[in-house]
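Here are my notes, in the order I'd go through them. Have the model open while you read.

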Amino acid sequence: MNVRAAAAKVIYQVVDQGQSLSTALPAAQQDIKERDHALLQEICYGVLRWLPRLESITQQLMDKPLKGKQRVFHHLILVGLYQLGYMRIPAHAAVAETVNATKNLKKPQLRGLINAILRNYQRQQESLDEQATSHDAGRYGHPGWLLKLLKASYPEQLDSITTANNTKAPMWLRVNRQHHTRDAYRALLDEAGIDTDIHPEAPDALKLHAPCDVNKLPGFADGWVSVQDAAAQLSVEYLQPQAGELILDCCAAPGGKTAHIMERQPDTQVVAIDCDDNRLKRVHDNLQRLNLTAQVLCADARYPEQWWQGEQFDRILLDAPCSATGVIRRHPDIKWLRRADDIEALAQLQSEIVDAMWQQLKPGGTLVYATCSITPQENSEQVKAFLARTTDAELIGSDSEQPGRQILPGEQDMDGFYYAVMRKAS
């Protein structure tokens with residue numbers, strides 16, 4: 001299939017049908033040549049990053065929108081505009097390949113319309129771009145509800161957050177210290193011509209100067225290293241697993257944090273739960289590659305009596321279901337799949353889970369509450385409310401007026417993440 005046609009279909013599935021990019025994109029890659037996989041990803045990510053801007057330009061260039069069965073061609077226009085405005089593909093090639101996509105999409109009679117719109121954009125690009133960035137949605141590339149939230153919560157960091165969200169995420173590695181120290185593995189990467197930076201807080205983390213195929217990483221198949229953002233790696237620093245402990249990783253899929261716990265402290269018994277059976281397959285795959293063993297359960301964290309009859313846990317890592325507003329740079333579709341009222345619903349779910357998990361924690365035990373969100377409702381306000389209603393909970397390492405640590409997107413080149421550490425009274 002023509003790559004631009006595949007991209008238009010993916011954007012249509014995400015924006016109009018509400019599918020996740022992580023589902024739609026891999027399916028589309030099956031229909032194109034392997035050498036074009038990266039191009040398809042670049043186009044899809046780019047269109048979703050700058051959707052309001054591209055939509056605004058399209059509206060200026062068309063008398064009436066394409067609807068119904070022709071809707072996918074609206075997204076094909078966005079694909080063409082993104083190539084012309086943001087990519088290094090020669091303009092004539094971008095236009096020609098986008099116009100040719102009408103054949104794959106079985107409407108070759110629309111090639112004239114697509115061609116005219118893209119040519120008009122080329123002629124008027126400066127003025128059209130200026131108009132498209134004259135409003136906040138176009139300027140920042142974010143939906144109105146999210147901009148409102150960011151302005152209220154982080155007025156001084158609005159520009160840095162939105163810029164980070166619209167920037168390609170780096171590739172971070174987690175070195176498995178059961179095989180190598182970080183510095184020893186970094187030397188192996190250096191020998192392979194792969195340049196890296198270290199992280200000031202995450203002692204197992206290395207950031208690649210340029211992303212690469214995992215199969216080019218020394219010992220990847222043997223479990224020497226995994227791909228995981230540095231912010232997520234900090235979970236083990238806050239959890240501090242100790243030898244001989246029974247530890248629960250709650251909402252564990254895809255299993256990176258589960259594995260990190262055991263890499264850091266092999267003499268632990270780890271239980272990993274998630275309510276999504278399909279996502280648990282990733283946990284099993286990751287554990288198998290790393291040659292690690294954990295008890296993996298498909299379970300709803302709100303109802304532990306249904307799946308756990310063992311003793312209480314020494315430590316619980318609760319990576320709660322959240323809006324994922326901290327990882328938009330990796331998943332730009334989040335901006336268009338989430339809605340403002342999702343936040344309240346998620347906060348209620350988080351509240352139920354943390355209450356249930358607290359009952360499964362031993363006296364003297366530690367619970368680390370974590371999300372990949374940056375909304376205060378899911379993070380600091382959630383923890384404040386929990387502490388107010390839980391008399392045997394003590395906040396560790398942060399101030400009760402502003403509990404926990406909020407990492408914003410792009411901080412130390414990390415994803416947005418939140419951590420709060422709480423200890424149960426003995």
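1. Let's start with Tyr154, which sits in the loop between helix H9 (144-153) and helix H10 (158-165). Helices here are DSSP runs of H or I with at least four residues, numbered from the N terminus. This is a predicted model, where local features need pLDDT of at least 70 and side-chain atom pairs count only at pLDDT 80 or more, while totals for chains, interfaces and linings use all residues. Residues are numbered from 1 along each chain as its sequence is written, and side-chain values use heavy atoms, with hydrogens and water left out.

2. Is Tyr154 buried or exposed? Tyr154 is buried, at a relative accessible area of 11% (buried is under 20%, exposed over 50%, partly exposed in between, with a 1.4 Å probe and protein chains only).

3. Leaving aside neighbours within four places in sequence, Tyr154 is in contact with Ile161, Ile374, Pro376, Gln406 and Leu408 (contact means heavy atoms within 4.5 Å). Take Leu408: this residue is 254 residues from Tyr154 along the chain, yet their C-alpha atoms are separated by 9.7 Å.

4. Another loop residue for you is Gln70, between helix H4 (51-61) and H5. Gln70 is partly exposed, with a relative accessible area of 28%.

5. On to H5 itself (residues 71-86): its 16 residues reach 23 Å from first C-alpha to last, close to the 22 Å expected at 1.5 Å a residue (the expected span is 1.5 Å times one less than the number of residues). In H5, 14 of the 16 residues are buried, so this helix is largely enclosed by the rest of the structure.

6. H1 has 13 residues and reaches 18 Å, close to the 18 Å expected. Its buried residues include Val3, Arg4, Val10, Ile11 and Val14. The buried residues of H1 pack against helix H2 (21-29), H3, H5, helix H6 (91-104) and helix H15 (334-337).

7. How do H1 (residues 3-15) and H3 (residues 37-49) pack, and at what angle? The angle is about 40°, with the axes 9 Å apart (axes are lines fitted to C-alpha atoms, for helices over the stretch in contact, and angles run from 0 to 180 degrees between N-to-C directions). That makes H1 oblique to H3 (under 35 degrees is roughly parallel, over 145 roughly antiparallel, 65 to 115 roughly perpendicular, and the rest oblique).

8. Among the residues meeting there are Val10 and Val14 of H1, and Ile43 and Val47 of H3. By class, the H1 contact with H3 has 13 nonpolar, no polar and one charged residues (Ala, Val, Leu, Ile, Met, Phe, Trp, Tyr, Cys and Pro count as nonpolar, Asp, Glu, Lys and Arg as charged, and the others, Gly among them, as polar).

Technical notes
Helix = DSSP H or I, 4+ residues; strand = E, 2+ residues; numbered from the N terminus.
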